[in-house]
Amino acid sequence: MNLVKRLFSSSNQQLSGLPPTVLEQLAVAPFAVQKFKDAGRGLVAARDIQYGEVLLTEQPYVCCPSLSNRRKVCYHCLKVLPTPQQQAAGAAEMPISSRSHMFCSSSCLSSAQASYFTLESQLSLEQLERHCQAYGERFPLIAARLALMIAQDGMTAAAQQQQQQQGSDSQADPEAGVGRSSSDVGRISRISRMSTGSNGSSRWSHTLATSSMRSSNNLGTTSWQSSSSSNRRQGRPGSYSTKAALGPAGDDGSVHQQVASALGFLCFANVPPPPPGPWAEAHKMLARALAAAAGNREQEEEAAGLQAALQGLDLDWYVAVMARLHLNTFKVEAALPIDWSQGHAAAAAMLGGDAASAGSALYLLGSLFNHSCEPNVHVTFPGNDSTAVFTAARQIAEGEQLFITYIDAGQELDARQEYLAFAYGFRCHCVRCCEELEEQAKHMPPQLP
Ligand SMILES: C[S@@+](CC[C@H](N)C(=O)[O-])C[C@H]1O[C@@H](n2cnc3c(N)ncnc32)[C@H](O)[C@@H]1O
């Protein structure tokens with residue numbers, strides 16, 4: 001514990017931005033956060049760790065099912081749903097269907113409704129889903145879920161504020177406005193802040209990097225290319241920090257601020273303006289769907305609250321979110337039932353493509369694990385849902401850095417190096433890569449003088 005505190009306090013300013021939930025988990029974890037020269041923050045064993053020890057069990061901050069397996073997993077927690085045979089045998093809880101989405105339990109449906117699904121059920125994300133299918137993208141759907149969480153909160157906050165105001169107006173002098181409670185005032189200012197962002201203007205065109213901004217991003221000097229070949233671009237020095245674009249972080253209780261605080265602490269890819277075309281296209285589709293929902297609302301206050309929230313979800317916000325999702329999202333691997341009647345999809349599932357994935361999820365503390373092609377920590381999803389369990393893959397000594405693998409570590413050296421540079425913007429110098437590079441160099445033909 002002392003080591004955790006020492007490492008934590010001796011590290012740079014970025015660590016003070018860790019969200020409270022992450023700090024709580026870190027306080028009981030057998031590891032600490034440390035800053036590394038070439039890899040940004042990472043996690044280090046705070047004591048000797050035994051092989052097979054569970055280091056962390058984490059729920060996702062946000063997750064989303066893969067398009068190909070949407071009807072096989074819970075729309076909220078990604079739990080694999082019982083097969084029709086299991087349902088018929090009465091061996092499992094019956095899934096609940098709502099608006100063509102499946103939920104594993106009524107509590108998952110209620111949690112989804114309280115967060116994003118009430119609003120989502122009133123609009124269509126079909127166009128965005130088609131776009132994701134066309135580009136093989138999964139992150140726009142997570143960004144959409146975050147946007148729905150923020151928009152639904154803006155909408156309900158405005159409606160509640162109206163109700164409270166009506167209640168207090170009937171008791172107090174309406175002209176003096178003395179019936180407005182302090183929480184009303186907080187909500188009013190919160191909605192107006194959400195609509196203008198941190199500086200009240202669009203940030204995309206004029207927020208250029210300064211060296212201090214770049215230093216808050218561990219990719220500041222590296223090149224980055226998106227994992228989607230359709231939006232390849234080279235990260236250049238001179239691109240800017242996108243943290244401000246997430247909106248003001250804080251604790252006024254709004255989901256917008258919570259999301260800004262949570263995502264603001266994650267590392268992100270430098271995305272120089274203009275934004276990648278497919279990102280701008282996807283954002284337009286999302287904004288259109290949300291705006292249509294605002295237009296369809298009967299309650300004036302709700303519509304106004306939704307409109308106000310939407311202004312904070314501009315293209316800058318979207319790019320800032322996507323720049324984080326690309327570097328930090330995990331694929332949730334689950335034991336999905338294989339439908340052998342779907343020959344092609346069954347083959348893809350066997351080969352471990354997207355068909356084998358329950359979905360994608362973002363973990364806040366889990367995002368601090370750096371990569372090695374010979375990891376000492378394994379990530380599994382033993383509950384067949386989005387709860388990630390990080391386990392020691394061997395005995396680890398106090399002070400050793402903890403690594404997971406971001407890729408299929410069974411690949412050859414060149415493929416691993418190429419993919420890590422392409423998708424995560426770094427050159428891997430793990431022990432295995434260094435040894436294999438050395439071996440490769442021995443077999444290179446001698447250079448002519
Ligand atoms: C999921 S984050 C890991 C935490 C990150 N280091 C941070 O400061 O938040 C992924 C990013 O960390 C950096 N990274 C992870 N493993 C690395 C490694 N072995 N060598 C260099 N950079 C690494 C890369 O910039 C990568 O895009």
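Here is a walk through the structure, going from the whole chain to the ligand and then to one cysteine.

What you're looking at is a predicted model, in which local features need pLDDT of at least 70 and side-chain atom pairs count only at pLDDT 80 or more, while totals for chains, interfaces and linings use all residues. Residues are numbered from 1 along each chain as its sequence is written, and side-chain values use heavy atoms, with hydrogens and water left out.

Let's begin with the chain as a whole. It has 15 helices and 12 strands; these are DSSP runs numbered from the N terminus, with helices being H or I of at least four residues and strands E of at least two. Of its 449 residues, 49% are buried, meaning under 20% relative accessible area with a 1.4 Å probe and protein chains only (exposed is over 50%, partly exposed in between). The accessible surface is about 21,300 Å², with 52% of that belonging to carbon and sulfur atoms; areas come from the Shrake-Rupley method with a 1.4 Å probe, and for residues only the protein chains shown count as cover. Take the contacts (heavy atoms within 4.5 Å) between residues at least 6 apart in sequence: 73% of them join residues at least 24 apart.

Now for the ligand. It is surrounded by 17 residues, the closest being Ala39, Arg41, Asn370, His371 and Tyr424; a residue qualifies if one of its heavy atoms lies within 4 Å. At least three shell residues come from each of domain 1 (2-59 + 363-442) and domain 2 (89-328), with bounds taken from an automatic or database domain assignment. Look at β2 (40-45), α12 (315-328) and β9 (370-371), too: each gives the shell at least two residues. By type, the shell holds 9 nonpolar, 6 polar and 2 charged residues. Nonpolar here means Ala, Val, Leu, Ile, Met, Phe, Trp, Tyr, Cys and Pro, charged means Asp, Glu, Lys and Arg, and the others, Gly among them, are polar.

Zoom in on the backbone around the ligand. A backbone N or O atom of Ala39 sits 2.7 Å from a ligand nitrogen, and a polar backbone atom of Arg41 is also 2.7 Å from a ligand nitrogen. For His371, the distance from a polar backbone atom to a nitrogen of the ligand is 2.9 Å. The protein covers 93% of the 560 Å² of accessible area that the ligand has on its own.

Finally, find Cys64 in strand β4 (residues 62-65). Cys64 counts as buried because its relative accessible area is 6%. Beyond neighbours within four places in sequence, Cys64 contacts Leu78, Leu141, Ile142, Arg145, Ala358, Gly359 and Ser360. The C-alpha atoms of Cys64 and Leu362 are 9.3 Å apart, although 298 residues separate the two along the chain.

Methods: Polar contact = N/O pair within 3.5 Å; in protein donor to acceptor, adjacent residues only side chain to side chain.
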